[in-house]
Each structure stands twice: as C-alpha cells, then as structure tokens.
Amino acid sequence: MLILNITTKVMHGIEKEWLQWMKETWIKEMMATGLFGEYRFCKLKDNDDEEGLMYVTQFYCDTTENYDTFMSEQDDRLRELGHQRFGNAFISFRTIMEIIH
C-alpha cells in the first residue's frame, strides 16, 4: 500500500476559505477518482508562522497502478483546481510513501 502525502502551507488570509474548500470540494474530487481507498486530513501542530499554517492530506492507494494512474491522468487537473481558486496563496509538495508495517 502507498500513501500520497501532500503537505500544504496556507497563507493566513485564505485559511478559513481554503479549509472549507478542501473539506467540501477538493478532497471529494480526489476520492471521486476511485483510485484511493481512504484519506486523512491533518493540521500540523506548533507550526504557525508569519506566513501561514501547515496542513497534511494523505491519500491511501491499494496498488502502485492506482498511484501511477492518478499521477498520469488526474494529478495535473486536480492541482490546477487549487491554483485557479487561490492563486499563489498556498504552496504544496507531494511525497509518496510505502507502508512497511
């Protein structure tokens, strides 16, 4: 099993709107791809700074094929949704993790 880990720094001025959008729209879009079995949406503790707050969203993939399909067919479209809505008021980076135990 793989975990797509997306860490996002959200500027203070958009945090409330961004959180609502994540919960009501973007996470649902990710799950609607059918390529993830479950997800976790977390706020990093003790990580508030002048620029913004950090959040982590983790999507669980049962197979490498599901992850590869997501990256080749869905990732660009779903990344663009956030940029269309919020511009450069947030920044994200992705990592992929393999569950060992």
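Predicted model: local features only at pLDDT ≥ 70, side-chain atom pairs only at ≥ 80, totals over all residues.
Residues are numbered from 1 along each chain as its sequence is written, and side-chain values use heavy atoms, with hydrogens and water left out.

Now for the overall layout. The protein has three helices and four strands, taken as DSSP runs (helices H or I, at least four residues; strands E, at least two) and numbered from the N terminus. Their order from the N terminus is β-α-β-β-α-α-β. The radius of gyration, 14 Å, is close to the 13 Å that the globule rule gives for 101 residues, so the protein is as compact as a globular protein of that length. That radius is taken over C-alpha atoms, and the rule is 2.2 Å times the number of residues to the power 0.38. Along the principal axes, the C-alpha atoms fill a box of roughly 40 × 30 × 20 Å.

Next come the strands, which count as paired if DSSP finds at least two bridges between them.

| Strand pair | Sense | Bridges | Example of opposite residues |
|---|---|---|---|
| β1 and β4 | antiparallel | nine bridges | I3 and M97 |
| β2 (residues 38-43) and β3 | antiparallel | six bridges | Y39 and F59 |

L2 also stands opposite C61 in β3.

How much of this is tucked away? Of the 101 residues, 40% count as buried, meaning under 20% relative accessible area with a 1.4 Å probe and protein chains only (over 50% is exposed, in between is partly exposed). β1 is largely enclosed by the rest of the structure, because nine of its ten residues are buried. β3 is mostly covered, with ten of its ten residues buried.

Finally, there's a pocket to look at. The largest pocket holds about 200 Å³ of space. On a 1 Å grid over the protein atoms alone, a pocket is an open set of points where a 1.4 Å probe fits, with protein on both sides within 12 Å along at least five of seven lines; lining residues have an atom within 4 Å of a point. Points are joined across faces, edges and corners, and the volume is the space filled by probe spheres set on them. Of the 14 lining residues, R79, H83, F90, S92 and R94 lie nearest the centre. β1 (2-11), α1 (15-32), α3 (75-86) and β4 (90-98) each give two or more residues to this lining.
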